[in-house]
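Have a look at the sequence and the structure on the screen, and then I'll walk you through them.

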Amino acid sequence: MPEEFAAFIKGLYEAVPALGEISLGVSCSNELSMADACVIAAVCQGAGEIKAAAYPVNTASLSNVSRIIAARGDSFGAACSVRITQLK
């Protein structure tokens, strides 16, 4: 669940302070159709890189995630340079 993944990422940053000096990347499986939500939850907790695909097969959707960040990223301190008008 996204809130559990967010708590996991937050716990990592608390347990390993050196993570604050690097860009943490995440990759989420879409087996339960929750990859997009989990990736956004991780970004909200400080993850700086995500794995997403234009044609997602068991991973987060680049289209969905970039649109969420474009629409709401300012509320959780994230930005995306993907030109969403080019995505279908």
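I'll start with the helices, move on to the core, and finish with a few loop residues.

First, some housekeeping. This is a predicted model, so local features need pLDDT of at least 70 and side-chain atom pairs count only at pLDDT 80 or more, while totals for chains, interfaces and linings use all residues. Residues are numbered from 1 along each chain as its sequence is written, and side-chain values use heavy atoms, with hydrogens and water left out.

Let's begin with helix α2, residues 35-44. When I say helix or strand, I mean a DSSP run, H or I with at least four residues for helices and E with at least two for strands, numbered from the N terminus. Is α2 mostly covered or mostly open? Mostly covered: eight of its ten residues are buried. Buried here means under 20% relative accessible area, exposed means over 50%, and partly exposed is in between, using a 1.4 Å probe and protein chains only. The buried ones are A35, D36, C38, V39, I40, A41, A42 and V43. And what do they pack against? The partners are α1, β1 (25-26), β2 (49-50), β4 (60-61) and α3 (62-72). Just after α2 comes G46, with a positive phi of about 120°.

Now for the helix packing. Two packed helices are described by the angle between their axes and the distance between the axes. The axes are lines fitted to C-alpha atoms, for helices over the stretch in contact, and angles run from 0 to 180 degrees between N-to-C directions.

For α1 and α2, the angle is about 30° and the axes are 8 Å apart. These two helices are therefore roughly parallel to each other. The cut-offs are under 35 degrees for roughly parallel, over 145 for roughly antiparallel, 65 to 115 for roughly perpendicular, and oblique for the rest. The contact is made by P2, F5, A6 and I9 on the α1 side, and by A37, C38, A41 and A42 on the α2 side. Contact, by the way, means heavy atoms within 4.5 Å.

Next, α2 and α3, which pack at about 40° with their axes 10 Å apart. That pair is therefore oblique. Here D36, V39 and I40 in α2 meet N64, V65, I68 and I69 in α3.

On to the core. The largest nonpolar core has 18 residues, and F5, I9, V26, C28, A42 and V65 touch the most other members. Such a core is a set of buried Ala, Val, Leu, Ile, Met, Phe, Trp, Tyr and Cys residues joined through side-chain atoms within 4.5 Å. The elements giving it two or more residues are α1, α2 and α3. Which helix gives the largest share? That is α2, with six residues.

The ring centres of F5 and F8 are 6.2 Å apart with the planes at 20°, so the pair is stacked. Rings of Phe, Tyr and Trp (its six-membered ring) pair if their centres lie within 6.5 Å, and planes under 30 degrees apart count as stacked, over 60 as edge-to-face and the rest as tilted. Both residues lie in α1 (residues 2-15), three residues apart, about one turn of the helix. An α-helix has 3.6 residues a turn, so residues three or four places apart point the same way. F8 is partly exposed, at 49% relative accessibility.

Finally, the loops. C28 sits between β1 and α2 and is buried at 8%. Leaving aside neighbours within four places in sequence, C28 is in contact with F5, A35, C38, V39, N58, T59 and A60. C28 and N58 are 30 residues apart in sequence, yet 8.2 Å apart in space, C-alpha to C-alpha.

N58 lies in the loop between β3 and β4, is partly exposed at 38%, and has a positive phi near 60°. T59 is found in that loop between β3 (52-53) and β4, and T59 is buried at 9%.
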